[in-house]
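Here is a short briefing to keep beside you while you look at the two chains.

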Amino acid sequence: MQISLRASVTMIHGMFFGCFFMMAVFAAVVEMIASTYTAGGFELSARGRSLAAIYLTLTAALGWLAVLGGTYIVYPWYRVHPPAGITDLTAYPQWLLLSSGATSGWHELGMEWKEHVAWLAPIAMTMTAYVLIAQRAAVKQCRQIRHAVLVFACVALVSAGIAAFFGAMINKQAPVNGGPEIHLFSER
Amino acid sequence: MTEPEATIPNGPAAAAILSAGIGSCTLAVLAVASDGSKTLTHWLSFYPPSGSLSGVTSVAVVVWLAAWLVLARLWRHRTVNFSRISVLSFVLLAIALLLTFPPLADRLLRK
């Protein structure tokens, strides 16, 4: 059982950083909505506050790792130009997609949307983490701050969802592959 | 019923929220602008293998952090009109979401 280096890095970018980020943002959104409807409010202990701070910081960090890895490692492999005269475009995902009218939309809509909208997510989630951790007293005092943060967190979730959907679909149509093969298990 | 008067300054939270809107909007505006200008695409290709995406996102992050730093300093001990700040932030965020949608950006650029 083996996988190419590029495929494994792409998988870590999408299925580890991206997917865990999205799940963590979803949980944070649910928690924020739930806390809005808590009768009388509820107070975390000092330990609970520390754990919440670690959770939110890790969530934002996952978002940054996903977009930075995507932009600076996976995207260059995706958009690499094929040498002149080459007919097999399998190793050139962007050009493989653009070579057919049936698949060009995955690049022209999917990748072009994903590459930019994904960056809104870590920006929004970093702000969310900062406000919920460092401005806890202000959030508790002013309902509007909580609502504004919730809107940004929802946008982070939606933009990460768009990026995840198109990332998965594009990689299905034209997988990023190449580099040394990594042997996960030796076959008998 | 009116809300109790704020006692804890909301300035730092408002600064973080507004700057996130500014950073997001900057990213989207730069993305559209670089799509419509070969010169800008060239200038924003900080890391050529990633093309202008590297510059668009780097500049947006710098603008976001700079806006946050400046606003946080200005509003450190202040209580600002949060309704106005949140509406402005949502407008900037909505612009960002709309401009990152390629069919709309193409329409703006008359592609």
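**Briefing on chains A and B**

Buried residues account for 45% of the 111 residues of chain B. In chain A, 44% of the 188 residues count as buried. Please keep in mind that this is a predicted model.

**Confidence in chain B**

- The mean pLDDT of chain B is 94, and 95% of its residues score at least 70.
- Among the elements of chain B, the highest mean pLDDT, 98, belongs to helix 3 (residues 52–74) of chain B, and the lowest, 94, to helix 5 (residues 102–108) of chain B.

**How chain B is built**

- Chain B has 5 helices and 0 strands, and read from the N terminus its elements run α-α-α-α-α.
- Chain B is more spread out than a compact globule, because its radius of gyration is 17 Å, well over the 13 Å that the globule rule gives for 111 residues.
- Along the principal axes, a box of roughly 55 × 25 × 15 Å is filled by the C-alpha atoms of chain B.
- If you take the contacts in chain B between residues at least 6 apart in sequence, 73% of them join residues at least 24 apart.

**How chain A is built**

- Chain A contains 7 helices and 2 strands, in the order β-α-α-α-α-α-α-α-β from the N terminus on.
- The radius of gyration of chain A is 20 Å, whereas a compact globule of 188 residues would have one near 16 Å.
- Taken along the principal axes, the box that the C-alpha atoms of chain A fill is roughly 70 × 45 × 25 Å.
- For contacts in chain A between residues at least 6 apart in sequence, 77% link residues at least 24 apart.

**Surface and charge**

- Chain A has an accessible surface of about 9700 Å², and 68% of that belongs to carbon and sulfur atoms.
- Chain A carries 11 positive and 8 negative charges, whose mean positions lie 16 Å apart.
- Chain B carries 8 positive and 4 negative charges, and their mean positions are 10 Å apart.

**A look at A:Gly69**

- You will find A:Gly69 in helix 2 (residues 46–79) of chain A.
- The relative accessibility of A:Gly69 is 14%, so this residue counts as buried, the cut-off being under 20%.
- Setting aside neighbours within four places in sequence, A:Gly69 is in contact with A:His13 and A:Val74.
- A:Leu44 is 25 residues away from A:Gly69 along the chain, and their C-alpha atoms are separated by 34 Å.

**A look at A:Pro82**

- A:Pro82 sits in the loop between helix 2 and helix 3 (93–98) of chain A.
- With a relative accessibility of 22%, A:Pro82 counts as partly exposed, because that class lies between the 20% and 50% cut-offs.
- Neighbours within four places in sequence aside, A:Pro82 is in contact with A:Leu89, A:Tyr92 and A:Trp95.
- From C-alpha to C-alpha, A:Pro82 and A:Ala66 are 26 Å apart in space, and they are 16 residues apart in sequence.

Conventions. Residues numbered from 1 in each chain as written. Chains lettered and ligands numbered in written order. Predicted model: local features only at pLDDT ≥ 70, side-chain atom pairs only at ≥ 80, totals over all residues. Heavy atoms only, no water. Helix = DSSP H or I, 4+ residues; strand = E, 2+ residues; numbered from the N terminus. Rg over C-alpha atoms; globule rule 2.2 N^0.38 Å. Buried < 20%, exposed > 50% of the residue type's maximum accessible area, 1.4 Å probe, protein only. Contact = heavy atoms within 4.5 Å. Areas by Shrake-Rupley, 256 points an atom, 1.4 Å probe, with all protein chains shown as cover. Lys, Arg positive; Asp, Glu negative; His and termini not counted. Charge placed at Lys NZ, Arg CZ, Asp CG, Glu CD. pLDDT = per-residue confidence, 0-100.
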